[in-house]
Amino acid sequence: KFSLVLNSPKYSPLSKIKNNNPLSHRKSASPMTKPLNWLLFMSVVSSISKRPLQVAQGLKVAVLGSGIAGSTAARELAERGTQVTVFEVGFGIGGRTSTRITRDNDRYQFDHGAQYIGKPKTTEFGTALMIWEQGGYVKEWKGRFATVSDGVVTHDEPGKPHYVGYPGMHSICRNLLHHENIRVVTQTRACATHLENNNESGSFRWSIASHKNKKKALGEFDWLVASDRLSATDNRADLRNAPLPEFKSRVKNIANVPSLTLMVAFERPLELPLDGIQFQGGSSGALGWAARDTSKPGRERSDGRECWVVQSEPKKAQSILDSIKKKEKNFEKRRDLVREEAKDILLDDFISAVSKLSATDSAIPNVCSAVGHRWSAAFPIPTQEAETDDDNYFERQQNFVACGDYMGKYTGRIEGAYLSGKAAAATILKYASINQNEAK
């Protein structure tokens with residue numbers, strides 16, 4: 001039922017689900033029936049018991065974006081009784097942890113964004129990761145990993161953890177958003193407008209409308225959370241009419257590491273003794289990373305075919321994008337051209353690399369499917385200001401909070417996104433309580 005609900009392009013009727021525990025349908029969910037280790041359990045209890053008892057009942061919050069940051073913020077708020085609506089412009093949820101599945105009978109599956117979660121750097125995220133794993137929607141990817149630099153293969157040290165969502169990277173956000181106080185709206189670009197002092201309490205509110213569907217009203221909310229920084233850029237309508245000049249100015253200063261992706265399926269497995277390969281040194285063309293997606297837990301196929309995700313090296317990706325920009329000025333045509341170039345260049349370079357690294361002299365299997373993709377804001381390069389600030393951005397007078405993996409100390413990581421989303425929720429709960437007290 002959960003997957004059907006979240007695949008709906010309309011409002012997901014999650015409020016009709018009586019049990020608000022996203023893990024209750026799993027036998028392994030309860031820490032009593034399948035306990036975590038004692039220290040983990042006590043840390044969770046301690047964390048919950050220390051939460052301030054702000055009154056969040058009746059509070060309505062809109063979240064733009066369903067990636068890790070947005071989903072974490074939504075779940076934290078929902079657990080406190082807040083009514084949350086998450087707006088996602090894509091077909092599915094997850095942001096860079098989304099999973100691409102082809103819309104044909106073959107149903108090829110690709111983790112085309114974030115590839116895995118490494119060893120946690122904070123106790124807070126480490127605890128969350130262990131809970132996710134215990135819940136059954138994160139598992140360890142026990143693959144064979146190596147770095148290839150100028151043709152030299154260096155295998156990773158044994159014991160280095162690689163965690164992935166199960167059965168897809170999007171499973172993490174799916175479970176976070178599975179709550180009776182959360183509604184999910186997909187395939188909708190939500191545009192926010194500020195409504196000042198339009199209710200009895202005199203507080204600020206936000207009005208959300210659809211960008212394309214004749215500006216259809218999608219609701220009014222007490223707070224707005226932007227988890228996608230591109231929402232504030234000039235070419236996006238999300239926050240175009242929102243009075244947030246300081247935030248928009250700040251976002252403009254954040255550059256991106258360009259990233260192109262190839263999703264390719266082969267007729268049979270490659271004769272390659274590696275499942276995850278980091279390419280360095282520049283001798284592998286545009287290649288930066290390649291993963292045998294079929295080797296990850298939950299991605300196994302019964303037809304003998306094999307799926308790979310190949311990602312670009314930043315400098316080569318930038319060179320490709322610059323070349324295309326000179327040739328094509330029209331945005332839509334340029335976007336399509338980028339996808340085609342990403343597919344062709346990365347596929348050629350990957351097949352060349354496989355031929356050199358293969359354990360046998362067997363011919364490369366036929367390609368069954370190949371698709372290119374560009375991530376517009378895949379890996380942020382934050383300013384020094386963003387690196388030293390808190391994990392979220394806050395404007396109290398506007399009832400606005402921003403979060404994402406471009407804030408805090410762990411930029412570009414799932415961990416950074418999680419910590420930012422959690423901090424955003426804490427900010428709203430804190431100041432919503434203060435606002436209520438001041439109104440009295």
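Beyond its neighbours within four places in sequence, Tyr116 is in contact (heavy atoms within 4.5 Å) with Trp141, His162, Tyr163, Val164, Met169, Trp289 and Ile414. Tyr116 belongs to the loop between strand 4 (109–110) and helix 4 (123–135); helices (H or I, at least four residues) and strands (E, at least two) are DSSP runs, numbered from the N terminus. The relative accessible area of Tyr116 is 27%, so the residue is partly exposed; buried means under 20%, exposed over 50%, and partly exposed in between, with a 1.4 Å probe and protein chains only.

The model is predicted: local features need pLDDT of at least 70 and side-chain atom pairs pLDDT 80 or more, whereas totals for chains, interfaces and linings use all residues. Residues are numbered from 1 along each chain as its sequence is written, and side-chain values use heavy atoms, without hydrogens and water.

An open sheet consists of three antiparallel strands in the order 10-11-12, where pairing requires at least two DSSP bridges between two strands. Its edges are strand 10 (190–195) and strand 12 (217–221). Four bridges join strand 11 (205–210) to strand 12, and Ile208 stands opposite Gly219 in strand 12.

For the protein as a whole, the values are as follows.

| Property | Value |
|---|---|
| Helices and strands | ten helices and 20 strands |
| Buried share | 50% of 440 residues |
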